[in-house]
Amino acid sequence: MDRMSSGQGAAFGLTLIELLIVLVILVITITLAASPMRNLVSSTRVSSEVNRLMTAVNLTRSEALKRNQPVSMCPSVMSTSGDVMCTGYFSDGWIIFSNVDKDNVVDEEDEIIQIFEGIPSGYTLSNRKGTIQASEKITYLSDGSSRRNRTLLLCAPIPGGHISKSLIINIVGRPRISSNWGACPPS
């Protein structure tokens, strides 16, 4: 038997060229997978944030029914500043409060029900056309109706476009979530 057929003395392993080829293939694969992965992360974040908005709207409506009085959800930076005021945009945060006189002020007789933090930086929350940031309070009356149609469009910027979901509230107050319902503002 010769040395080559018995396997003794033969060198096994990767050459530098083979290792470089494997690394190049690995880098190309990771590069091609990065964009879809980023889109998946953005899409998941948009779904999570619009579901958080839906939870807040449902809480507002159910509290109005339970308390038999108007309850409002308004933009507020209370989660970061501690100021009990309805100011700014929903993207900065929002509060839910009992709103007996249906105004834009949290009075002494009003009770703060829950405080929510804003949406992530870079994401936008606007009207369906994407032209105006969402800033108008949402009020549910004691019968659970909102008496107003409204759409809150949540957009995540991605390279080459946007990922969006909308929270749509119909005139009787029923909220629902829809994809591709509106135009994201230009980034």
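Contact here means heavy atoms within 4.5 Å. Axes are lines fitted to C-alpha atoms, for helices over the stretch in contact, and angles run from 0 to 180 degrees between N-to-C directions. Helices (H or I, at least four residues) and strands (E, at least two) are DSSP runs, numbered from the N terminus. The structure is a predicted model, in which local features need pLDDT of at least 70 and side-chain atom pairs count only at pLDDT 80 or more, while totals for chains, interfaces and linings use all residues. Residues are numbered from 1 along each chain as its sequence is written, and side-chain values use heavy atoms, with hydrogens and water left out.

Across S1, S2, S3 and S5 lies H2, which runs at about 150 degrees to S1. Those strands make up an open sheet of four, ordered S3-S2-S1-S5, with antiparallel pairing; two strands pair if DSSP finds at least two bridges between them. Strand S3 (112-117) and S5 are at the edges with a single partner strand each, so one side of each has no neighbour in the sheet. On average, neighbouring strands of this sheet are turned by 10 degrees against each other, direction ignored. Five bridges link S2 and S3 in the antiparallel sense, and Gly93 stands opposite Glu117 in S3.

Helix H2, which spans residues 16-67, also lies across S4, S6, S7 and S8, at about 15 degrees to S7. These four strands form another open sheet, in the order S4-S6-S7-S8 and with antiparallel pairing. Its edge strands, S4 (124-126) and S8 (175-179), each pair on one side only, and the twist averages 20 degrees from one strand to the next. Within this sheet, S6 (residues 150-158) and S7 (residues 161-169) are joined in the antiparallel sense over nine bridges, with Arg150 opposite Ile169 in S7. S7 and S8 pair, again antiparallel, over five bridges, and Leu167 has Ile177 in S8 as its bridge partner. A hairpin is formed by S7 and S8, with five residues between them; in its turn, Gly173 has a positive phi of about 100 degrees.

The interior may be considered next. In soluble globular proteins, nonpolar side chains tend to be buried together. A nonpolar core is a set of buried Ala, Val, Leu, Ile, Met, Phe, Trp, Tyr and Cys residues joined through side-chain atoms within 4.5 Å; buried means under 20% relative accessible area, exposed over 50%, and partly exposed in between (1.4 Å probe, protein chains only). The largest such core has 26 residues, of which Met73, Trp94, Leu125 and Ile138 touch the most other members. At least two of its residues come from each of H2, S1, S2 (93-98), S5 (138-140), S6 and S7, and H2 gives the largest share, seven residues. A second, separate core of six residues includes Cys74, Met78, Cys86 and Phe97. Beyond neighbours within four places in sequence, Trp94 is in contact with residues including Arg52, Leu53, Ala56, Met73 and Phe116.

Ser72 is buried, with a relative accessible area of 0%. Its side chain makes a polar contact of 2.8 Å with that of Asn99; such a contact is a pair of N or O atoms within 3.5 Å, where within protein one must be able to donate a hydrogen and the other to accept it, and residues adjacent in sequence count only if both atoms are side-chain atoms. Residues up to four places away in sequence aside, Ser72 touches Thr60, Ile95, Ile96, Phe97, Asn99, Lys137, Ile138 and Thr139.
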